[in-house]
Amino acid sequence: MCSDRSYSAGYTKDVTNEQSERSELILGIESSCDETAAAVVRAGTNVCSNVVASQIALHANYGGVVPELASREHLRNIVPVMREAILDSGYALSDLAAIAVTEGPGLAGALLVGITFAKSLAFGLNVPLIGVNHLEGHIHAVLMEARQHAEQTMELPLLALVVSGGHTHLYLAEQHGNAIQDQAAWRYKNVGRTVDDAAGEAYDKVAKLLGLGYPGGPWIDALAKHGNARAVPFSFAEIKTRAPRPGIPVSKKAPAAAHGPSFDFSFSGIKTAVLRYVETHGLKPSIEARREALAALPAPTIADALPLCDAQTLDLIASFQHAVVGNLLRQTFRAAELFGVHGVVVSGGVAANRELRARFQAEADRRGLPVAFPSLALSTDNAAMIAAAAWPKLLNREFADDSLIATPQLRLG
Ligand code: KG4
Ligand code: ZN
(Lines give C-alpha, C1' and ligand atoms only; values in the text may rest on other atoms or scores of the structure.)
(Ligands and ions follow the chains in the order given, each with its own letter.)
Protein backbone atom coordinates (compact mmCIF):
# COMPACT_ATOMS: atom_id res chain seq x y z
CA MET A 1 0.00 0.00 0.00
CA CYS A 2 1.20 3.49 -0.67
CA SER A 3 2.94 5.31 2.12
CA ASP A 4 1.20 8.00 4.05
CA ARG A 5 2.30 11.57 3.57
CA SER A 6 0.96 14.67 5.21
CA TYR A 7 -1.55 16.69 3.24
CA SER A 8 -3.38 19.90 3.76
CA ALA A 9 -5.85 20.37 6.54
CA GLY A 10 -9.57 20.15 6.11
CA TYR A 11 -9.91 16.42 5.70
CA THR A 12 -8.83 14.50 8.76
CA LYS A 13 -8.60 10.75 8.85
CA ASP A 14 -7.05 7.79 10.60
CA VAL A 15 -4.50 6.16 8.28
CA THR A 16 -4.89 2.86 10.06
CA ASN A 17 -8.53 2.78 9.12
CA GLU A 18 -8.57 0.82 5.88
CA GLN A 19 -12.17 1.66 5.22
CA SER A 20 -11.43 5.38 5.17
CA GLU A 21 -8.28 4.78 3.08
CA ARG A 22 -10.43 3.14 0.43
CA SER A 23 -12.84 6.03 0.40
CA GLU A 24 -9.92 8.22 -0.73
CA LEU A 25 -8.60 6.08 -3.59
CA ILE A 26 -9.05 7.37 -7.10
CA LEU A 27 -7.96 5.54 -10.25
CA GLY A 28 -7.00 8.15 -12.86
CA ILE A 29 -7.02 7.35 -16.57
CA GLU A 30 -5.38 9.52 -19.23
CA SER A 31 -5.43 8.89 -22.98
CA SER A 32 -5.77 12.33 -24.58
CA CYS A 33 -2.71 12.18 -26.84
CA ASP A 34 0.15 9.71 -27.20
CA GLU A 35 0.44 8.35 -23.66
CA THR A 36 -1.81 5.66 -22.19
CA ALA A 37 -1.66 6.20 -18.46
CA ALA A 38 -3.30 4.94 -15.27
CA ALA A 39 -2.53 5.83 -11.66
CA VAL A 40 -3.94 5.28 -8.19
CA VAL A 41 -3.77 8.34 -5.95
CA ARG A 42 -4.97 8.54 -2.37
CA ALA A 43 -6.58 11.73 -1.05
CA GLY A 44 -5.29 13.69 -4.05
CA THR A 45 -1.75 13.53 -2.68
CA ASN A 46 -0.27 10.06 -2.20
CA VAL A 47 0.73 8.50 -5.50
CA CYS A 48 0.26 4.76 -4.93
CA SER A 49 1.08 3.89 -8.54
CA ASN A 50 1.72 5.77 -11.77
CA VAL A 51 2.00 3.82 -15.02
CA VAL A 52 2.62 5.47 -18.40
CA ALA A 53 2.86 3.61 -21.70
CA SER A 54 4.44 6.06 -24.10
CA GLN A 55 3.82 5.83 -27.83
CA ILE A 56 6.77 8.07 -28.69
CA ALA A 57 8.65 5.34 -30.54
CA LEU A 58 5.59 4.60 -32.67
CA HIS A 59 4.99 8.20 -33.72
CA ALA A 60 8.67 9.16 -34.01
CA ASN A 61 8.81 7.56 -37.47
CA TYR A 62 6.22 10.09 -38.63
CA GLY A 63 7.71 13.10 -36.83
CA GLY A 64 4.42 13.72 -34.97
CA VAL A 65 1.38 12.04 -33.46
CA VAL A 66 -0.76 10.11 -35.98
CA PRO A 67 -4.28 10.15 -34.46
CA GLU A 68 -5.48 6.80 -35.87
CA LEU A 69 -2.35 5.01 -34.68
CA ALA A 70 -2.69 6.67 -31.27
CA SER A 71 -6.27 5.39 -30.82
CA ARG A 72 -5.32 1.85 -31.79
CA GLU A 73 -2.35 1.87 -29.45
CA HIS A 74 -4.51 3.17 -26.57
CA LEU A 75 -6.95 0.30 -27.22
CA ARG A 76 -4.08 -2.16 -27.04
CA ASN A 77 -2.59 -0.66 -23.86
CA ILE A 78 -5.46 0.51 -21.71
CA VAL A 79 -6.25 -2.78 -19.96
CA PRO A 80 -2.63 -3.83 -19.23
CA VAL A 81 -1.75 -0.31 -18.07
CA MET A 82 -4.74 -0.17 -15.71
CA ARG A 83 -3.94 -3.67 -14.38
CA GLU A 84 -0.34 -2.67 -13.70
CA ALA A 85 -1.46 0.51 -11.92
CA ILE A 86 -3.75 -1.50 -9.64
CA LEU A 87 -1.09 -4.13 -9.00
CA ASP A 88 1.61 -1.53 -8.23
CA SER A 89 -0.69 0.31 -5.85
CA GLY A 90 -1.13 -2.70 -3.58
CA TYR A 91 -4.88 -2.21 -3.64
CA ALA A 92 -7.61 -4.07 -5.48
CA LEU A 93 -10.14 -2.72 -7.97
CA SER A 94 -12.80 -3.22 -5.31
CA ASP A 95 -10.96 -0.73 -3.04
CA LEU A 96 -11.47 2.20 -5.41
CA ALA A 97 -13.71 5.10 -4.42
CA ALA A 98 -13.96 6.60 -7.91
CA ILE A 99 -12.64 6.50 -11.47
CA ALA A 100 -11.37 9.78 -12.97
CA VAL A 101 -10.79 10.20 -16.68
CA THR A 102 -9.58 12.93 -19.03
CA GLU A 103 -12.58 14.21 -20.98
CA GLY A 104 -10.64 16.73 -23.11
CA PRO A 105 -8.97 18.56 -24.68
CA GLY A 106 -7.17 16.07 -26.90
CA LEU A 107 -7.56 13.76 -29.87
CA ALA A 108 -11.17 12.59 -30.25
CA GLY A 109 -10.43 8.91 -30.86
CA ALA A 110 -7.75 8.78 -28.18
CA LEU A 111 -10.01 10.39 -25.55
CA LEU A 112 -12.83 8.04 -26.50
CA VAL A 113 -10.79 4.98 -25.57
CA GLY A 114 -10.10 6.24 -22.04
CA ILE A 115 -13.63 7.54 -21.49
CA THR A 116 -15.36 4.38 -22.73
CA PHE A 117 -13.10 2.23 -20.59
CA ALA A 118 -13.51 4.44 -17.51
CA LYS A 119 -17.30 4.47 -17.91
CA SER A 120 -17.45 0.68 -18.13
CA LEU A 121 -15.15 0.25 -15.15
CA ALA A 122 -17.10 2.73 -13.00
CA PHE A 123 -20.35 1.01 -13.96
CA GLY A 124 -18.93 -2.45 -13.23
CA LEU A 125 -17.52 -1.41 -9.85
CA ASN A 126 -20.52 0.75 -9.00
CA VAL A 127 -18.33 3.77 -8.15
CA PRO A 128 -18.66 7.35 -9.34
CA LEU A 129 -17.09 8.55 -12.58
CA ILE A 130 -15.31 11.93 -12.59
CA GLY A 131 -14.48 13.84 -15.78
CA VAL A 132 -11.27 15.91 -15.62
CA ASN A 133 -9.99 18.60 -17.96
CA HIS A 134 -6.46 17.61 -19.05
CA LEU A 135 -5.19 21.16 -18.46
CA GLU A 136 -6.55 21.18 -14.93
CA GLY A 137 -4.71 17.89 -14.49
CA HIS A 138 -1.40 19.53 -15.45
CA ILE A 139 -1.97 22.25 -12.84
CA HIS A 140 -2.79 19.66 -10.17
CA ALA A 141 0.39 17.71 -10.88
CA VAL A 142 2.23 20.67 -9.34
CA LEU A 143 -0.24 21.31 -6.53
CA MET A 144 -0.12 17.64 -5.55
CA GLU A 145 3.67 17.62 -5.33
CA ALA A 146 3.69 20.94 -3.47
CA ARG A 147 1.40 19.30 -0.87
CA GLN A 148 3.75 16.31 -0.64
CA HIS A 149 6.55 18.68 0.31
CA ALA A 150 4.94 20.47 3.21
CA GLU A 151 7.59 23.22 3.16
CA GLN A 152 6.48 24.26 -0.34
CA THR A 153 3.26 26.03 0.64
CA MET A 154 1.43 27.98 -2.05
CA GLU A 155 -1.11 30.71 -1.41
CA LEU A 156 -3.97 31.78 -3.63
CA PRO A 157 -4.53 33.20 -6.14
CA LEU A 158 -2.01 31.41 -8.34
CA LEU A 159 -0.99 31.98 -11.92
CA ALA A 160 -0.56 28.72 -13.82
CA LEU A 161 1.39 28.46 -17.06
CA VAL A 162 0.44 25.23 -18.84
CA VAL A 163 2.96 24.78 -21.60
CA SER A 164 2.93 21.58 -23.63
CA GLY A 165 2.84 20.18 -27.15
CA GLY A 166 -0.79 21.14 -27.62
CA HIS A 167 -1.24 24.07 -25.24
CA THR A 168 0.28 27.30 -24.05
CA HIS A 169 -2.15 28.82 -21.58
CA LEU A 170 -2.05 31.15 -18.61
CA TYR A 171 -4.71 30.62 -15.95
CA LEU A 172 -5.63 32.37 -12.76
CA ALA A 173 -6.39 29.55 -10.34
CA GLU A 174 -8.45 30.29 -7.24
CA GLN A 175 -10.60 28.89 -4.50
CA HIS A 176 -12.41 30.85 -1.80
CA GLY A 177 -9.82 32.54 0.43
CA ASN A 178 -6.04 32.46 0.37
CA ALA A 179 -5.28 28.99 1.71
CA ILE A 180 -5.61 25.94 -0.53
CA GLN A 181 -8.29 23.58 0.78
CA ASP A 182 -8.88 20.02 -0.34
CA GLN A 183 -12.62 20.21 -0.36
CA ALA A 184 -13.09 23.60 -2.00
CA ALA A 185 -13.90 23.74 -5.70
CA TRP A 186 -11.30 25.32 -7.99
CA ARG A 187 -12.08 28.17 -10.37
CA TYR A 188 -9.92 29.02 -13.36
CA LYS A 189 -9.78 32.02 -15.64
CA ASN A 190 -7.90 31.87 -18.88
CA VAL A 191 -5.91 35.10 -19.11
CA GLY A 192 -3.53 34.19 -21.95
CA ARG A 193 -3.17 31.57 -24.66
CA THR A 194 -1.33 30.94 -27.87
CA VAL A 195 -2.98 32.34 -30.95
CA ASP A 196 -1.25 29.77 -33.19
CA ASP A 197 1.34 27.08 -32.34
CA ALA A 198 1.91 25.86 -28.79
CA ALA A 199 5.45 26.30 -27.42
CA GLY A 200 6.06 22.52 -27.43
CA GLU A 201 4.80 22.36 -31.00
CA ALA A 202 7.39 25.00 -31.96
CA TYR A 203 10.10 22.89 -30.29
CA ASP A 204 8.90 19.82 -32.19
CA LYS A 205 8.70 21.61 -35.55
CA VAL A 206 12.09 23.30 -35.20
CA ALA A 207 13.72 20.02 -34.15
CA LYS A 208 12.20 18.31 -37.19
CA LEU A 209 13.36 21.14 -39.44
CA LEU A 210 16.91 20.73 -38.08
CA GLY A 211 16.92 16.96 -38.64
CA LEU A 212 16.71 16.08 -34.93
CA GLY A 213 14.54 13.47 -33.17
CA TYR A 214 10.93 13.49 -31.98
CA PRO A 215 9.61 14.91 -29.71
CA GLY A 216 11.94 17.83 -30.26
CA GLY A 217 11.83 19.43 -26.79
CA PRO A 218 14.32 17.13 -25.03
CA TRP A 219 16.73 17.26 -28.02
CA ILE A 220 16.77 21.05 -28.19
CA ASP A 221 16.94 21.27 -24.38
CA ALA A 222 20.07 19.08 -24.26
CA LEU A 223 21.80 20.56 -27.32
CA ALA A 224 21.12 24.22 -26.44
CA LYS A 225 23.75 24.29 -23.69
CA HIS A 226 26.45 23.68 -26.32
CA GLY A 227 25.56 26.83 -28.30
CA ASN A 228 25.68 30.59 -27.85
CA ALA A 229 22.19 31.80 -26.98
CA ARG A 230 22.99 35.35 -28.06
CA ALA A 231 24.20 34.42 -31.55
CA VAL A 232 20.87 34.81 -33.36
CA PRO A 233 18.71 37.71 -32.14
CA PHE A 234 15.17 36.34 -32.46
CA SER A 235 12.40 38.70 -31.43
CA PHE A 236 8.75 38.25 -30.58
CA ALA A 237 6.18 40.65 -31.98
CA GLU A 238 3.79 42.20 -29.46
CA ILE A 239 0.42 40.49 -29.78
CA LYS A 240 -2.59 42.72 -30.30
CA THR A 241 -4.32 43.56 -27.05
CA ARG A 242 -7.59 41.80 -26.39
CA ALA A 243 -10.26 43.56 -24.45
CA PRO A 244 -9.97 42.47 -20.82
CA ARG A 245 -12.45 39.64 -20.21
CA PRO A 246 -15.32 40.35 -17.89
CA GLY A 247 -14.86 39.06 -14.39
CA ILE A 248 -11.06 38.87 -14.52
CA PRO A 249 -9.78 40.53 -11.36
CA VAL A 250 -6.82 42.86 -11.72
CA SER A 251 -4.44 43.79 -8.94
CA LYS A 252 -5.03 47.23 -7.45
CA LYS A 253 -1.28 47.68 -7.67
CA ALA A 254 -1.35 47.92 -11.46
CA PRO A 255 -4.81 49.00 -12.58
CA ALA A 256 -3.52 50.96 -15.58
CA ALA A 257 -2.11 47.81 -17.12
CA ALA A 258 -5.58 46.29 -17.45
CA HIS A 259 -5.92 47.85 -20.87
CA GLY A 260 -2.25 47.45 -21.73
CA PRO A 261 -0.39 44.32 -22.71
CA SER A 262 -1.94 41.10 -23.86
CA PHE A 263 -0.80 37.87 -22.26
CA ASP A 264 -1.37 35.86 -25.41
CA PHE A 265 1.48 33.99 -27.10
CA SER A 266 2.47 33.29 -30.69
CA PHE A 267 5.13 30.76 -31.66
CA SER A 268 4.62 30.33 -35.39
CA GLY A 269 6.72 33.43 -36.15
CA ILE A 270 9.87 32.10 -34.51
CA LYS A 271 9.47 28.78 -36.31
CA THR A 272 9.36 30.67 -39.63
CA ALA A 273 12.34 32.78 -38.55
CA VAL A 274 14.37 29.60 -37.90
CA LEU A 275 13.40 28.30 -41.35
CA ARG A 276 14.48 31.58 -42.94
CA TYR A 277 17.80 31.43 -41.07
CA VAL A 278 18.37 27.88 -42.31
CA GLU A 279 17.68 28.92 -45.90
CA THR A 280 19.70 32.13 -45.91
CA HIS A 281 22.71 30.57 -44.14
CA GLY A 282 22.93 27.48 -46.36
CA LEU A 283 22.29 24.99 -43.55
CA LYS A 284 20.15 22.61 -45.61
CA PRO A 285 22.93 20.23 -46.77
CA SER A 286 24.26 19.74 -43.23
CA ILE A 287 20.69 19.16 -41.97
CA GLU A 288 20.11 16.48 -44.62
CA ALA A 289 23.42 14.81 -43.75
CA ARG A 290 22.46 14.77 -40.05
CA ARG A 291 18.98 13.45 -40.79
CA GLU A 292 20.43 10.59 -42.87
CA ALA A 293 23.14 9.76 -40.33
CA LEU A 294 20.60 9.58 -37.47
CA ALA A 295 18.13 7.59 -39.59
CA ALA A 296 20.82 4.99 -40.20
CA LEU A 297 21.11 4.32 -36.45
CA PRO A 298 18.73 1.78 -34.86
CA ALA A 299 17.86 4.03 -31.90
CA PRO A 300 19.42 7.48 -32.38
CA THR A 301 20.07 9.47 -29.21
CA ILE A 302 20.85 13.08 -28.43
CA ALA A 303 24.48 12.08 -27.82
CA ASP A 304 24.59 10.79 -31.41
CA ALA A 305 23.27 14.13 -32.66
CA LEU A 306 25.78 16.36 -30.86
CA PRO A 307 28.85 15.58 -33.04
CA LEU A 308 26.61 15.94 -36.10
CA CYS A 309 25.80 19.57 -35.22
CA ASP A 310 28.26 22.33 -36.18
CA ALA A 311 28.74 25.47 -34.05
CA GLN A 312 26.35 27.52 -36.19
CA THR A 313 23.55 24.97 -35.74
CA LEU A 314 24.16 24.76 -31.98
CA ASP A 315 24.05 28.57 -31.78
CA LEU A 316 20.76 28.55 -33.68
CA ILE A 317 19.31 25.94 -31.29
CA ALA A 318 20.48 27.83 -28.19
CA SER A 319 19.14 31.14 -29.54
CA PHE A 320 15.76 29.60 -30.41
CA GLN A 321 15.38 28.17 -26.91
CA HIS A 322 16.56 31.36 -25.23
CA ALA A 323 13.95 33.37 -27.17
CA VAL A 324 11.07 30.96 -26.48
CA VAL A 325 11.83 30.72 -22.75
CA GLY A 326 12.32 34.49 -22.57
CA ASN A 327 8.92 35.06 -24.12
CA LEU A 328 7.19 32.60 -21.75
CA LEU A 329 8.99 34.23 -18.83
CA ARG A 330 8.09 37.80 -19.75
CA GLN A 331 4.40 37.10 -20.38
CA THR A 332 4.04 35.00 -17.24
CA PHE A 333 5.66 37.45 -14.84
CA ARG A 334 3.92 40.46 -16.39
CA ALA A 335 0.62 38.69 -15.84
CA ALA A 336 1.67 37.66 -12.32
CA GLU A 337 2.30 41.30 -11.49
CA LEU A 338 -0.87 42.59 -13.10
CA PHE A 339 -3.11 40.10 -11.32
CA GLY A 340 -1.23 40.33 -8.02
CA VAL A 341 -0.93 36.56 -7.63
CA HIS A 342 0.78 34.90 -4.65
CA GLY A 343 2.56 32.20 -6.61
CA VAL A 344 3.35 30.82 -10.06
CA VAL A 345 2.89 27.23 -11.17
CA VAL A 346 4.46 25.94 -14.40
CA SER A 347 3.35 22.63 -15.86
CA GLY A 348 3.11 20.56 -19.06
CA GLY A 349 5.83 18.87 -21.12
CA VAL A 350 7.83 22.06 -21.76
CA ALA A 351 8.07 22.61 -17.98
CA ALA A 352 10.70 19.85 -18.09
CA ASN A 353 13.01 22.28 -19.89
CA ARG A 354 16.15 23.07 -17.89
CA GLU A 355 16.65 26.62 -19.09
CA LEU A 356 12.96 27.38 -18.43
CA ARG A 357 13.19 26.07 -14.86
CA ALA A 358 16.39 27.93 -14.10
CA ARG A 359 15.21 31.27 -15.51
CA PHE A 360 11.71 31.06 -13.97
CA GLN A 361 13.23 30.19 -10.59
CA ALA A 362 15.71 33.08 -10.80
CA GLU A 363 13.01 35.58 -11.80
CA ALA A 364 10.63 34.34 -9.09
CA ASP A 365 13.41 34.61 -6.48
CA ARG A 366 14.18 38.13 -7.66
CA ARG A 367 10.53 39.08 -7.15
CA GLY A 368 10.11 37.10 -3.92
CA LEU A 369 7.32 35.09 -5.51
CA PRO A 370 7.02 31.31 -4.93
CA VAL A 371 7.23 29.24 -8.13
CA ALA A 372 6.61 25.49 -8.42
CA PHE A 373 7.23 22.93 -11.16
CA PRO A 374 6.27 19.28 -11.33
CA SER A 375 8.92 16.58 -11.02
CA LEU A 376 10.15 15.52 -14.47
CA ALA A 377 7.97 12.39 -14.40
CA LEU A 378 4.84 14.46 -13.80
CA SER A 379 5.70 17.24 -16.29
CA THR A 380 4.63 15.21 -19.29
CA ASP A 381 1.28 13.45 -19.60
CA ASN A 382 0.36 11.06 -16.79
CA ALA A 383 -2.73 9.88 -14.94
CA ALA A 384 -1.65 10.77 -11.38
CA MET A 385 -2.41 14.40 -12.23
CA ILE A 386 -5.91 13.39 -13.40
CA ALA A 387 -6.60 11.51 -10.15
CA ALA A 388 -5.22 14.47 -8.13
CA ALA A 389 -7.48 16.97 -9.93
CA ALA A 390 -10.43 14.67 -9.30
CA TRP A 391 -9.99 14.66 -5.49
CA PRO A 392 -11.78 17.98 -4.77
CA LYS A 393 -14.48 16.85 -7.22
CA LEU A 394 -14.94 13.60 -5.28
CA LEU A 395 -15.25 15.55 -2.02
CA ASN A 396 -17.77 17.87 -3.71
CA ARG A 397 -19.61 14.99 -5.39
CA GLU A 398 -19.07 16.52 -8.83
CA PHE A 399 -19.71 13.33 -10.77
CA ALA A 400 -20.13 12.65 -14.45
CA ASP A 401 -22.96 10.50 -15.74
CA ASP A 402 -23.50 8.28 -18.78
CA SER A 403 -23.58 11.32 -21.02
CA LEU A 404 -19.83 12.01 -20.52
CA ILE A 405 -18.29 12.27 -23.99
CA ALA A 406 -14.89 13.08 -25.47
CA THR A 407 -14.59 16.84 -25.92
CA PRO A 408 -11.53 17.49 -28.09
CA GLN A 409 -11.78 21.30 -27.75
CA LEU A 410 -12.71 21.36 -24.06
CA ARG A 411 -11.79 24.70 -22.51
CA LEU A 412 -10.70 25.54 -19.00
CA GLY A 413 -11.82 28.88 -17.60
O1 KG4 B 1 2.39 17.64 -21.75
P2 KG4 B 1 2.93 16.81 -22.85
O3 KG4 B 1 3.55 15.49 -22.50
O4 KG4 B 1 1.82 16.48 -23.91
C5 KG4 B 1 0.86 17.41 -24.34
O6 KG4 B 1 -0.16 17.55 -23.62
O7 KG4 B 1 1.14 18.04 -25.38
O8 KG4 B 1 3.98 17.73 -23.65
C9 KG4 B 1 4.72 17.26 -24.75
C10 KG4 B 1 5.53 18.42 -25.30
C11 KG4 B 1 6.26 18.11 -26.61
O12 KG4 B 1 6.03 19.17 -27.52
C13 KG4 B 1 7.73 18.05 -26.20
O14 KG4 B 1 8.62 18.44 -27.23
C15 KG4 B 1 7.76 19.01 -25.05
O16 KG4 B 1 6.55 18.79 -24.34
N17 KG4 B 1 8.89 18.78 -24.14
C18 KG4 B 1 9.90 19.64 -23.93
C19 KG4 B 1 10.82 19.02 -23.07
N20 KG4 B 1 10.34 17.77 -22.76
C21 KG4 B 1 9.16 17.64 -23.44
N22 KG4 B 1 10.09 20.89 -24.41
C23 KG4 B 1 11.20 21.55 -24.03
N24 KG4 B 1 12.14 21.00 -23.21
C25 KG4 B 1 11.98 19.76 -22.71
N26 KG4 B 1 12.91 19.23 -21.90
ZN1 ZN C 1 -0.51 17.36 -21.56
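At what angle do helix H6 and helix H11 pack? The angle is about 175 degrees, and the axes lie 11 Å apart. This is a predicted model, in which local features need pLDDT of at least 70, side-chain atom pairs count only at pLDDT 80 or more, and totals for chains, interfaces and linings use all residues. Residues are numbered from 1 along each chain as its sequence is written, and side-chain values use heavy atoms, without hydrogens and water.

**Helix packing**
- H6 spans residues 199-209 and H11 spans residues 311-339; helices are DSSP runs (H or I, at least four residues), numbered from the N terminus.
- Axes are lines fitted to C-alpha atoms over the stretch in contact, and angles run from 0 to 180 degrees between N-to-C directions.
- H6 is therefore roughly antiparallel to H11 (over 145 degrees).
- H6 makes the contact (heavy atoms within 4.5 Å) with residues including Ala 199 and Tyr 203, and H11 with residues including Phe 320 and Leu 328.

**Glu 355**
- Glu 355 sits in helix H12, residues 354-367.
- Glu 355 is buried, at 18% relative accessible area (buried means under 20%, with a 1.4 Å probe and protein chains only).
- The Glu 355 side chain makes a polar contact of 3.0 Å with the side chain of His 322.
- Another polar contact, of 2.8 Å, joins the side chains of Glu 355 and Arg 359.
- A polar contact is a pair of N or O atoms within 3.5 Å; within protein, one must be able to donate a hydrogen and the other to accept it, and residues adjacent in sequence count only if both atoms are side-chain atoms.

**Ligand 1**
- A polar side-chain atom of Asp 204 lies 2.6 Å from an oxygen atom of ligand 1.
- A polar side-chain atom of Asn 353 is 3.0 Å from a nitrogen atom of ligand 1.

How values were computed:
Chains are lettered from A and ligands numbered from 1 in the order in which they are written. Helices (H or I, at least four residues) and strands (E, at least two) are DSSP runs, numbered from the N terminus. Angles under 35 degrees count as roughly parallel, over 145 as roughly antiparallel, 65 to 115 as roughly perpendicular and the rest as oblique. Buried means under 20% relative accessible area, exposed over 50%, partly exposed in between (1.4 Å probe, protein chains only).
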